[in-house]
Amino acid sequence: MYLFYTILAALSSFFVLKWMKRRRFCTDVKRLDGKTVLITGGNSGVGKETAVALALRGARVIIACRDEDRARKAIREIKARSHNMNVIFMELDLANMRSIREFCKSYLQREKRLDILINNAGVPSILNWTDDNFSMCFGVNHLGHFLLTNLLLPRLKECAPSRVITLTCSSYKYQKLDFQDLNYNLFPFLTYCRSKLANIYFTQELAHIMEGKGVTAYAVHPGYVQSNWTCHYSFLYQMFMKVITFMFFIPCEAGAQTVVYCTVADEVTAHNGGYFSDCRPAKLKPFAKDAGVAKKLWEASERLVKLA
Ligand SMILES: NC(=O)c1ccc[n+]([C@@H]2O[C@H](COP(=O)([O-])OP(=O)(O)OC[C@H]3O[C@@H](n4cnc5c(N)ncnc54)[C@H](OP(=O)(O)O)[C@@H]3O)[C@@H](O)[C@H]2O)c1
């Protein structure tokens, strides 16, 4: 009897976990031949799986990463899995404004196309500072991509219809922005949540500014993914999180699906500026849809990265 209940408990846990981790896959089979896709942080996790999926559809894939060795290793894997040799690396450190400016200058000189920009790179809940003294989460996750997107907008407009997809997280809902302290760097998880809320406002305001210019924008929550984000923590915490993520988080390939969906699906343009999860539009908390806050953040970000 004891054995029966043990087996029953194990089987039920297995199916409950499987049910919790269920995800939709992108069923749109559109190809991307002749299109150029730029993915920040394309060497790891969700970014790398997105790169494989889009290379399989025939796109020219550029992965913008801060570490050349990790990028080259990822490119070998992306090419081997997609049989697409049109995958290249360009150096970009989103924690350094000069690196972003140099990257964009060289991109605009070298590359004639930019059809899809995927602002994927991100740091998790950590307390640190960028080279320009911004809190690491706000600086990399929001400000770095804000500057990058703005400097690449001319090419995106030339290649219209084009899209900007920015990775956010459903944990945006646990925080609001404090305009007196945008560089907030006190509790790691809260800095992360604020940066991911900023990604949502950024997407809304970008869609608003680009209205009628052929550039559309989407914010994507990929799900909770078994990616490489634990590498930022101590060995013991990494081991602990490996077990948790294995049990409860989804594989990277599943995490890339909503990004791929927003890249290829025609119907997403009806939700320009919207928030997506699990390959469909998702609801936002009312405070995260405040157009006034989105505009205010845009203007503050312009000042911080010295665009205004
Ligand atoms: N994993 C999740 O459960 C989850 C949930 C919600 C949202 N997200 C979001 O999904 C996105 C992808 O994350 P992931 O889960 O795939 O994590 P990941 O495996 O850790 O990948 C993050 C990528 O960002 C890059 N990166 C970090 N700092 C950078 C910098 N200063 N300059 C350039 N690139 C930098 C990393 O490069 P290195 O390899 O050089 O470190 C790596 O390629 C992030 O925006 C994250 O916030 C993830």
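At what angle do helix H6 and helix H10 pack, and how far apart are their axes? In this predicted model, H6 (residues 188–209) and H10 (residues 291–304) pack at an angle of about 90°, and their axes lie 8 Å apart. Angles of 65 to 115 degrees count as roughly perpendicular, and H6 and H10 are therefore roughly perpendicular to each other. On the H6 side, the contact is made by Ala198, Tyr201, Phe202, Gln204, Glu205, Leu206 and Ile209. These residues meet Ala291, Val293, Ala294, Lys295, Leu297 and Trp298 of H10. By residue class, the contact of H6 with H10 comprises 10 nonpolar, 1 polar and 2 charged residues.

Helix H10 also packs against helix H5 (residues 136–158), with the two axes coming within 10 Å and crossing at roughly 85°. H5 and H10 are therefore roughly perpendicular to each other as well. Phe138, His142, Leu143, Phe146 and Asn150 are the H5 residues of this contact, and they meet Leu297, Trp298, Ser301, Glu302 and Leu304 in H10. The contact of H5 with H10 divides into 6 nonpolar, 3 polar and 1 charged residues.

The ligand is surrounded by 29 residues, of which Asn43, Ser44, Arg66, Arg70 and Ser227 are the closest. An oxygen atom of the ligand lies 3.2 Å from a backbone N or O atom of Gly41, and a ligand oxygen atom is 2.8 Å from a polar backbone atom of Asn120. At Leu94, a polar backbone atom is 2.9 Å from a nitrogen atom of the ligand. The ligand taken alone exposes 890 Å², and 96% of that area is buried by the protein.

Two local backbone features were also examined. Most residues other than glycine have a negative phi, and most peptide bonds are trans. The peptide bond joining Ala160 and Pro161 is cis, with omega at about 5°. Pro161 is located in the loop between H5 and strand E5 (162–167). Cys279 is not a glycine, yet has a positive phi of about 60°. This cysteine, Cys279, is located in the loop between strand E7 (275–277) and strand E8 (280–281).

Definitions and conventions. Residues numbered from 1 in each chain as written. Predicted model: local features only at pLDDT ≥ 70, side-chain atom pairs only at ≥ 80, totals over all residues. Heavy atoms only, no water. Axes fitted to C-alpha atoms, helices over the stretch in contact; angles between N-to-C directions. Helix = DSSP H or I, 4+ residues; strand = E, 2+ residues; numbered from the N terminus. Parallel < 35°, antiparallel > 145°, perpendicular 65-115°, else oblique. Contact = heavy atoms within 4.5 Å. Nonpolar A, V, L, I, M, F, W, Y, C, P; charged D, E, K, R; others polar. Near = heavy atom within 4 Å. Polar contact = N/O pair within 3.5 Å; in protein donor to acceptor, adjacent residues only side chain to side chain. Areas by Shrake-Rupley, 256 points an atom, 1.4 Å probe, with all protein chains shown as cover.
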